[in-house]
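My notes follow, entry by entry.

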Amino acid sequence: MKFTLSWLKDHLDTEASLDDILYALTDLGLEVEGVENPAMKLAEFTIGKVLKAEQHPDADRLRVCQVATAQGEQQIICGAPNAREGITVVVALPGTYIPGIDTIIQVGKIRGIESHGMMCSEREMELSDEHDGIIELPSGEVGQSFADWLAANEPAKVDPVIEIAITPNRPDALGIHGIARDLATRGLGTLKPVAADPVAGTFPCPIPVTIDPETQARACPVFCGRVIKGVKNGPSPAWLQDRLRAIGLRPISALVDITNFFTYDMNRPLHVFDADKVRGGLRVHAAAGGETFLALDDKEYVIEPGMTVISDDTGVESLAGVMGGLSTGCTAETVNVFLEAAYFDPIRTAMTGRALKINSDARYRFERGIDPEWTPHGIEAATRMILDLCGGTPSEVVVAGQVPDTARAYRLDTDRVQSLVGMDIPADTQRATLTALGFRLEGDMAHVPSWRPDVLGEADLVEEVARVASLTKLVGKPMRRTHVGVPTGILTPLQRREAAARRTCAALGYNECVTYSFVDQASAALFGGGDAAAMLDNPISSEMSHMRPDLLPGLLQAAARNQARGFMDLALFEVGPAFHGAEPGEQHLQVAGLLVGAAAPRDPHGSRRGVDVFDAKADAEAVLAAIGAPAKAQILRDAPAWWHPGRSGRICLGPKKVMAVFGELHPKVLAAMDVKGPAMAFSVYLEEPPLPRRKSTTRPALATSDLQAVERDFAFVLGTEVEAVNVVNAALGADKALIEEVRVFDEFIGGALGEGKKSLAITVRIQPLDKTLTEEEIAAVAAKIVAKVTKATGAALRG
């Protein structure tokens, strides 16, 4: 919705500044989307006077002018044919930005002579397309601001244009008078009354109007019209054309411009028929379907059954509330017109416009709701303007149907402002606010004005009061505690795990992704999904047809997009639900990470290497540690089919309790997802690790020992098929009380060991608990370790 400041002041008597008006509009709920203030871009231009103008010695078309300016007499070179001594001009001194040519004026030499500024044409200042010569002003003092001169002499050229966003519940603000009413209620001025005195008709209306009974009940309760004879449909006056151009409308003719004016001025769409082209009377009815209609936009439409139309004896002449017809449209030769003002049902108007894909200012307003009670007043006000601008003789008004009854009232409970909004507003102020907005108060009952279809209950009255009082005055107050003391935590254990996992992944250098929960069927099938149960009934697109069975498809798609744009080293993660069924509850919360490319950037030390399985394993273990998973877990093979069978593993608390999966993704999966591999990944299932038995808001006491730990190294010879984890687990089980940690630090295969053999070296950390261990006790633990590893793996201690 656009309007100019001067147009607003036709309805609002105010001394408020433009900034105050803009702030109040947004605060009232009419959000300002933009302001075009021509005076701002003209602020640096001043008025000057040419004292002397001589021919340039080296150019036939240039004049060397001595100009009186705000900075004294300046020499300016000008090529305009009307540059001469004695004229008053608009001057741009050095440093001034010229919007029409997108240039900042500087001191320069033109054919060897210095020029200290520029005398401007209208096109250079974006005032019009005129550029045959520089501007000649009939008045003005040297040094005066040109913007101030325009405001006093040609205000339309510097009239600010305001654009506001209108929410669907505020159709009254689609008219400038409604906007002025809100501002006046806020206290920014006084609302001017609208004159709509009846215009007496001098003859009966020769065009009768009828409404079919069903149409009157559902689509068009009232239709007013009158014939005006002897009009002269020439160009509209300059003030009207200026206003329409300012809001983006093209002036057409006086009659059409008048209807457009009332559409924006009073939110009252109108239509004028060329009365001489109407055959018989006008009938408002529901279309049978199949009729063709040539509209004012020069397009032909096929009308569907049930659409509300206006027809004469020859056929459809107008789509009710949407657009008029070309066959009865007004032209420069029109001398007799039929003026229409009606009320059309918002829903049927919207359905017609959407079905035919017609957008018009009339449809935009009718489908949101106009003031039905102003229908007869609207035709009187429009008649008066037509007579003033086009002349003519009006007929009596013909009215079909009756104005619909929109009367309703709701109880005003002045105490509800405190309970619903939390603001203390005196009862007298509340009543005065509603009265200024047009509500009629009788005791505690507030009667809603006909132009406010959005007010449908007592809470809406409170909203109006609070909106005008300004919600910016609402003071935040902390809620009262239900219990005295330190409040308990509100996050569930799973929510805390999710936050910890997210922080850990970010700290490890991963970038978080947020992908759709839907993937295509082929991608879902690669990760164990894609069946009919997980298919959406109404997918957004074929690429989002199934619920994702895992987070990795989304991460792989993100990796493919990044690789296509040259980003080859990636560390991505996501936290979110994946779905293993279609029923409620058949989903699991998952953390997935993806590593592609190199683990480090290129440097002179040669530290760059490709990511490997152990990077993914370490990151998965870090996430598990952060969420409080048990430190001692088993690592088993047999990962799902989308993992590489020999380079992946499951971190488990037993065969069926899988806490995480890590490893390299299967090459077939990478090829199908168009990802250049290899790619390492991990998936942590946040719901699987058991919750701690003790629930406490504090951390347990740190258990440390003041006794020195002892480390012993062991090297075992064993078969190459034996996994290192089996050796580690066997060593850990030799003495669970004393052995704190076991880690592998060397592996050797082949050589003197023989075929099928390898040497595996481990370090065992022994932590005494209550006393320092003797050599005999350490030796006893070492013997247990050797015996346990030998029994579990068949290994032999290397000599």
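**Entry 1: helix α11**

I checked the length of helix α11 (residues 375–390) first. At 1.5 Å a residue, its 16 residues should span 22 Å, and its end C-alpha atoms are 22 Å apart, so the two values agree. I note that this is a predicted model.

Next I asked which residues of α11 are buried. I found Thr 375, Gly 378, Ile 379, Glu 380, Ala 381, Ala 382, Thr 383, Met 385, Ile 386, Leu 387 and Cys 390.

What covers these buried residues? I listed strands β16 (222–229), β24 (336–343) and β25 (393–394) among the covering elements. Helices α7 (238–246) and α8 (254–265) are also included.

I then stepped just past the end of α11. Gly 391 takes a positive phi there, of about 75 degrees.

**Entry 2: the four-stranded sheet**

I traced the strand order of an open sheet and got β40-β41-β39-β42. The pairing is antiparallel. Strands β40 (739–749) and β42 (796–797) stand at the edges with a single partner strand each, so one side of each has no neighbour in the sheet.

I looked at how β39 (residues 710–719) meets β42. Two bridges join these antiparallel strands. Val 717 stands opposite Ala 796 in β42.

**Entry 3: helices on the sheet**

Helix α20 (residues 724–732) packs on the sheet and touches β39, β40 and β41 (757–766). I read its direction against that of β40 as about 150 degrees.

Helix α21 (residues 775–793) lies across β39, β40, β41 and β42. Helix α21 runs at about 25 degrees to β39.

Notes:
Residues are numbered from 1 along each chain as its sequence is written. This is a predicted model: local features need pLDDT of at least 70, side-chain atom pairs count only at pLDDT 80 or more; totals for chains, interfaces and linings use all residues. Side-chain values use heavy atoms; hydrogens and water are left out. Two strands pair if DSSP finds at least two bridges between them. Contact means heavy atoms within 4.5 Å. Axes are lines fitted to C-alpha atoms, for helices over the stretch in contact, and angles run from 0 to 180 degrees between N-to-C directions. The expected span of a helix is 1.5 Å times one less than its number of residues. Buried means under 20% relative accessible area, exposed over 50%, partly exposed in between (1.4 Å probe, protein chains only).
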